[in-house]
Amino acid sequence: MALSRVDASTDAARVGALLSDITRELPAVRLLTDPADREAYRLDETAYLSAGLPGAVAFPASTADVAGLLRLASAHGVPVVPRGAGTGLSGGAAGIEGALTIVLTRLDRILEIDRDNLCVITQPGVINAVLKAAVAKEGLFYPPDPASYETCSIGGNLGTNAGGLCCVKYGQTRDWVLGLEVVLADGTVIRTGGRTVKDTAGYSLTHLFVGSQGTLAIITEATLRLRPLPGPRSTLLAFFATLGAAGEAVAAMTRSGLVPVTLELLDHETILAVDDAHKLGLDREAAAMLLVESDAPGLAAGAELDAAETAILASGATSVVRAADATEADWLRQARRLALRALELKGMVRMEDVGVPRSRVPELLAGIERITAAHGVRCATFGHAGDGNLHPNFIFDRGDPEAERLTEVVRDEIFRVALDLGGTVTAEHGIGSARRAWLPIQRGEGAVAVMRSIKAALDPLGILNPGRVI
Ligand SMILES: Cc1cc2nc3c(=O)[nH]c(=O)nc-3n(C[C@H](O)[C@H](O)[C@H](O)COP(=O)(O)OP(=O)(O)OC[C@H]3O[C@@H](n4cnc5c(N)ncnc54)[C@H](O)[C@@H]3O)c2cc1C
């Protein structure tokens with residue numbers, strides 16, 4: 001049967017025919033067809049975006065199920081949205097009107113922890129924190145730790161090339177992937193790598209699929225690198241009278257060669273929100289705060305924090321305190337992880353995700369302050385400053401169309417500043433549907449044309465997450 005490329009929306013008849021084929025050929029696949037049930041799969045965590053209502057939601061439990069679903073979706077020309085836990089911040093897993101959303105959460109088994117080769121083989125529906133805990137029991141460590149690690153899935157982490165709080169030392173999700181099993185749009189299953197640490201056979205398809213946001217294939221299994229579990233962390237908090245001084249401290253630490261496991265920044269508005277929510281006794285007068293952690297072994301942790309403190313004080317910190325013990329350190333890190341939730345208690349939040357070379361963090365912070373003040377937009381900035389990755393969060397009243405329009409203008413100005421500083425419009429959340437217009441601006445038409453060719457080669461009908469990324 002010859003098929004033309006599919007549109008982002010599809011008609012009820014095609015979905016109806018697809019559903020009867022799924023029911024007949026894949027009876028074990030759980031399906032949601034009731035509109036009230038499907039509604040729960042309309043949005044991811046980008047509540048400020050509008051999204052379509054899926055025509056149906058499928059829950060496969062095996063690679064064979066996923067392959068069958070994609071084969072049938074291709075045959076009927078119905079678009080597919082791959083979805084993990086739905087915590088994404090770019091609209092990548094949000095619904096497309098009338099499309100089939102495929103939720104991977106039932107592929108939730110850790111298949112093997114291979115101690116001899118320091119790797120773990122897992123299905124994509126496993127929650128990041130569950131994987132971390134399982135390998136920790138064996139004395140092993142899977143570093144990638146998005147702040148959402150207790151709720152997001154490994155498949156979503158792979159789909160977005162997720163970052164997190166310890167990238168500054170350990171890198172992003174992509175750095176920990178040895179191989180994948182993926183299902184292509186037509187239902188073909190391929191493997192891209194395995195347990196070998198070094199492998200240069202052919203193009204690196206593994207790295208192509210990681211971060212492709214469900215537009216090139218569905219990941220059904222991953223082989224992830226591990227390392228020995230480090231010891232408990234030592235933690236330092238520094239407070240500053242200006243945001244600029246905190247930015248200078250970040251740049252100074254990088255310049256002096258320090259690689260702490262965590263280097264996070266919270267601005268005044270975020271400090272207040274986190275302290276209101278968790279009553280931590282933070283310095284509520286401070287314009288900014290840095291959270292610095294070391295997981296270096298033994299006395300090296302103290303030495304690393306001493307060196308960080310020297311750089312911080314030279315940059316003009318008003319106070320520096322150290323966590324009394326591991327429990328206090330865990331509390332502080334958890335409070336940082338919950339910063340977005342704390343801000344959401346203040347209003348509707350639109351989170352952005354810009355990144356710049358680390359030496360340019362002070363200029364990015366200055367740009368964010370200048371632009372949001374000029375437009376009178378309420379903004380709370382926090383993020384992984386040690387990676388040069390900051391999240392300006394625009395806070396506005398739900399349903400205020402003028403505020404929503406204004407955040408779009410402010411966001412575009414901040415994106416321009418980030419690009420002028422040699423940075424990116426998204427460091428870890430992905431282009432998704434939220435930032436699509438900026439991909440050619442950042443990468444250039446030539447690079448986007450290459451991406452389109454890859455997409456056309458792997459998904460000629462365009463059924464995989466159409467309208468996302470490119
Ligand atoms: C409070 C909070 C804190 C956060 N902190 C961070 C952070 O520190 N760092 C960070 O990077 N992100 C962060 N995020 C964003 C989000 O948690 C991550 O992007 C995460 O990786 C998404 O995982 P998920 O399982 O929810 O994926 P989803 O949102 O369901 O999907 C994300 C993308 O991956 C694709 N996808 C999902 N599963 C598959 C699969 N099996 N195969 C192919 N494609 C797939 C989807 O199509 C979509 O494009 C945060 C979100 C929240 C709400």
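**View 1. The mixed sheet β1-β2-β4-β3.** Four strands, in the order β1-β2-β4-β3, make up an open sheet of mixed pairing (strands are DSSP runs of E with at least two residues, helices runs of H or I with at least four, numbered from the N terminus; two strands pair if DSSP finds at least two bridges between them). Its edges are β1 (30-32) and β3 (80-83), each of which pairs on one side only. On average, neighbouring strands are turned by 20° against each other, direction ignored; axes are lines fitted to C-alpha atoms, for helices over the stretch in contact, and angles between N-to-C directions run from 0 to 180 degrees. The model is predicted: local features need pLDDT of at least 70 and side-chain atom pairs count only at pLDDT 80 or more, whereas totals for chains, interfaces and linings use all residues. Residues are numbered from 1 along each chain as its sequence is written, and side-chain values use heavy atoms, with hydrogens and water left out.

View 2. β1 and β2 (residues 56-59) run antiparallel and are joined by 3 bridges; R30 has F59 in β2 as its bridge partner. Helix α1 (residues 12-25) lies across β1, β2 and β4 (100-103), at about 155° to β1, where contact means heavy atoms within 4.5 Å. Helix α3 (residues 63-76) touches β2, β3 and β4, and its direction makes about 170° with that of β4.

View 3. Of the 37 residues around the ligand, P82, G84, T87, S148 and S153 come nearest (a residue is near if one of its heavy atoms lies within 4 Å). The shell comprises 14 nonpolar, 19 polar and 4 charged residues, with Asp, Glu, Lys and Arg counted as charged, Ala, Val, Leu, Ile, Met, Phe, Trp, Tyr, Cys and Pro as nonpolar, and the others, Gly among them, as polar. The largest share, 5 residues, comes from α5.

**View 4. Polar atoms around the ligand.** A ligand nitrogen atom is 3.0 Å from an N or O atom in the side chain of E428, and a ligand nitrogen atom is 3.5 Å from a polar backbone atom of G214. A ligand oxygen atom lies 3.3 Å from a polar backbone atom of G156.

**View 5. The antiparallel sheet β5-β6-β10-β8-β9.** Five strands form this open sheet, with antiparallel pairing. β5 (110-114) and β9 (189-191) are the edge strands. Strand β6 (residues 119-122) pairs with β10 over 4 bridges, and T122 stands opposite A222 in β10.

Definitions and conventions
A polar contact is a pair of N or O atoms within 3.5 Å; within protein, one must be able to donate a hydrogen and the other to accept it, and residues adjacent in sequence count only if both atoms are side-chain atoms.
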